[in-house]
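Look at the model below and keep it in view while reading.

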Amino acid sequence: MRCVGVPEQSFERHAGQLLELGYSVGRVEQTQSAIAKKSSSNSVCERELVKILTRASVMDSELLLGNESRFMLSVYEAENNAVGVCYVEAASGHVYLGGWTDDSRRSALEHLFALVNPLEIVSCNGDGSAARPPLQSDFMAALCHRAFVEYGARGGGPELVYIRNENDRACLHSVAEKLATYCDTALAQERISATMAALENTLAASAVHFAAKCALGGMISYLSRLKVDKLILSTGLLSLVSEPTTADKMVTELSID
């Protein structure tokens, strides 16, 4: 970790350069006013980490190149080849959620990766240790290995993040209630409620339903780590997507407006 101070008006320019090099950038701001500091015995102004920027979590137009879409994607693999995914475009606040029963080669999941081209992958299986998680497919195992060995920390490929345990997927059993706490309007709450109800009706297989919720829970936990969860999830722009089957588009997208 390196610390550096830059003028506030040029933060985006400096942060953008670091992000393109593959670094994550934490923004620390002074949280104590000059008047409060004078009345305090502490000679150092209070400061707080307010946001962590990554290549996929940037929302400011100054940090985006043109009209490009940047996605982060979480994956959870459950029993019987059930796969849950959640991918987010931070700049627009759109969250996409889905799940399906894949084959052992994870053909549909691999196709989704090609369509979305995520800059960050959140693995909700395992803890990043040398031991391979029991439900991890060959595709995800190879992807994880490649992220560490070939790409490295700043090798140009997608960054891999692990959600370590069940407790870290904080909203597994109350994901709808957790999402509702972020909504800042009644319309946003209605969107979340309608989408989660559609999730219950659409994903009939219990393992797929479980996997989708785990993927969503893992994504919320990751956004919380970056301190951008409220900013991204407050609008309630959650949509369901079905299994990808063609090269030019996702088959069905259920948007709740």
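A residue counts as buried when its relative accessible area is under 20%. The model shown here is predicted. In this model Ser-234 has a relative accessible area of 9%, so by that cut-off Ser-234 is buried. We return to this residue at the end.

Two packed helices are described by the angle between their axes and the distance between the axes. Helix H6 covers residues 186-202 and helix H7 covers residues 206-225. Their axes lie 10 Å apart, and the packing angle is about 150°. An angle over 145 degrees counts as roughly antiparallel, and H6 and H7 are therefore roughly antiparallel to each other. Their crossing is right-handed.

Which residues of H6 and H7 meet? From H6 come Met-196, Leu-199 and Glu-200, and from H7 come His-209, Ala-212, Lys-213 and Leu-216. Of the residues in this contact, four are nonpolar, one is polar and two are charged.

H7 can also be taken by itself. Its 20 residues span 29 Å from the first C-alpha to the last, close to the 28 Å expected at 1.5 Å a residue. Of these 20 residues, 15 are buried, so H7 is largely enclosed by the rest of the structure. Just after H7, Lys-227 has a positive phi of about 65°.

What is Ser-234 in contact with, leaving aside its neighbours within four places in sequence? The contacts are Tyr-182, Cys-183, Asp-184, Ala-188 and Asp-229.

Key:
Residues numbered from 1 in each chain as written. Predicted model: local features only at pLDDT ≥ 70, side-chain atom pairs only at ≥ 80, totals over all residues. Heavy atoms only, no water. Buried < 20%, exposed > 50% of the residue type's maximum accessible area, 1.4 Å probe, protein only. Contact = heavy atoms within 4.5 Å. Axes fitted to C-alpha atoms, helices over the stretch in contact; angles between N-to-C directions. Helix = DSSP H or I, 4+ residues; strand = E, 2+ residues; numbered from the N terminus. Parallel < 35°, antiparallel > 145°, perpendicular 65-115°, else oblique. Left-handed = near helix turned anticlockwise from the far one by under 90°. Nonpolar A, V, L, I, M, F, W, Y, C, P; charged D, E, K, R; others polar. Expected span 1.5 Å × (residues − 1).
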